[in-house]
Amino acid sequence: MPPRLPAPLTPVVDACVVPSCKSAPFVRSFSSTPCKQKMSRARQQMYQWLKGREGSELAEAKGGPRYLGPLQDQPFPLNPLFRSQPVLDEQTRELIWDKVIMRGEALKAVSAEMGVDVRRVAAVVRLKEVEKQWEREGKKLAIPYAKAVMNMLPKTSYREGEKNLPHEPVNEIHVHKLTMQQLFVPVSESRHFTRQDAAKAFHDTMLSVDARSPQPELIKMEREILQGKTRQDSLAKFKEATQKEEDRVAQRIAREAQREEEATTRVATDRYEFRFKEINADDVGRTGRSRKGTGWRYGAPFDDRKRGLVKIPTSVP
Amino acid sequence: MVVKIRLARFGRRNSPFYNIVVAHARTARNSRPLEVIGTYDPIPKPDPYDNSGKLHKDIKLDSQRAKYWIGVGAQPTDTAWRLLSMVGILPKKHFAPKESETKGSVNAGDVKIR
């Protein structure tokens, strides 16, 4: 805020005698208290600091945010718990969208290459798709707002053909509650104690770390490299494996849609289209109360309005 | 007793949802039927992510069972008939009131009055 100019000591009513004041009657300040004639020492120091090198650097904010304290990720010097996490910059998000949608690369491959979590990759692609759709529809985007927000945040970037730092670790494993206990498992010295055995020790149905990893293909790739294969070969193999996996998922979704379509008869009338879907009446089971059955169930409670149950939909079509 | 193919109204107020049921004619509407052969959602809905404004109604039907029950003499109600005739299980039927037939006009010269 610029220093407040000391108001004339004349009463406020007299100020309105000035002819310009009549055209805009609300120009006067809201406070009727006259300003202090002298600035306090602290205030003087504040303006000195603002005019000095540090203050001007903070105000200009070129190339990302600048925080008051010595730390790079702590926006509020008195709140050490609030750490500002870097976000992907605009070009990187555009690149992710281009790689996934235009070049058809697998999500996992893009994630591993760019060092971005696979869920974040998927989210970026979804949001970019929405943005492109809005552009096609001619919706106005709040780009100046987005730019202003992005200027206030620390960013990570990925440029193709350059050496880049990863945005985040991509193969982090969820810490399962069962693995938080301290265990002492006596094992004979001759026994080869693997990760599978460790998981088994925690719980019978517990999966090993490799199985719970979001990108087991990456682990496999690194294992192959350790066994003596070249990184290039293993990387090609990794990309092929992820692409195949993604293709399988896409095929499964297409198959399901086709099966749905085959089971549906569409009858168009002059008002609405009637869609008849073939079902099996025997799905209700012997008692007629199975959840797989079609239609409202008889003799079974329907808890759609029960207290404490989530009413909002948990999935999108 | 007569076996009917009819609708049983479920759902909530202002959001009806019907089970297409096979039941004895004299039992209550929502009592446990002989068999539930499908559902009928009478509220027209748009497809998700579709801005064209076209609406559709969803019906689930076990056509094999419907054919069987028709074959053994179950009598569909008018609404059930309308639905079953859409998929060709029953012939089409006109349920709206019949249009009045226009009779020929009478020529005064042709009429002989004793």
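Leaving aside its neighbours within four places in sequence, which residues is B:L61 in contact with? In this predicted model, local features need pLDDT of at least 70 and side-chain atom pairs count only at pLDDT 80 or more, whereas totals for chains, interfaces and linings use all residues. Residues are numbered from 1 along each chain as its sequence is written, and chains are lettered from A in the order in which they are written.

With those sequence neighbours set aside, B:L61 is in contact with A:F276, A:E278 and A:I279 of chain A, and with B:I20, B:I37, B:G38, B:A66 and B:V87 of chain B. Two residues are in contact if their C-beta atoms, placed from the backbone, lie within 7 Å.

B:L61 also belongs to the largest nonpolar core, which has 23 residues; B:I20, B:V22, B:I37 and B:L61 touch the most other members. Such a core is a set of buried Ala, Val, Leu, Ile, Met, Phe, Trp, Tyr and Cys residues joined through C-beta atoms within 7 Å. A residue is buried if 20 or more other C-beta atoms lie within 10 Å of its own, exposed if 12 or fewer, and partly exposed in between. Two or more residues each come from β4 of chain A and from β1, β2, β3, β5, α1 and α2 of chain B. The largest share, 5 residues, is that of β2(B). Helices (H or I, at least four residues) and strands (E, at least two) are DSSP runs, numbered from the N terminus. A second, separate core of 14 residues includes A:A109, A:M114, A:V121 and A:Y158.

Between the chains, 23 residues of chain B are in contact with 19 residues of chain A. On the side of chain B that touches chain A, β2 (15-24), β3 (35-40), β5 (55-61) and α1 (63-71) each supply at least two residues, and β5(B) gives the most, with 7 residues. Strand β4 (residues 273-278) of chain A runs parallel to β5(B) and is joined to this strand by 6 bridges; strands pair if DSSP finds at least two bridges between them. The bridge partner of A:F274 in β5(B) is B:K57.

In α1(B), the buried residues are B:R65, B:A66 and B:W69. They lie on the same side of α1(B) because they cover an arc of only 105° around the axis, the arc being that of the directions from the helix axis to the C-beta atoms. The face turned away from this buried side of α1(B) carries the exposed residues B:Q64 and B:G71. Just after α1(B), B:G73 takes a positive phi of about 100°.
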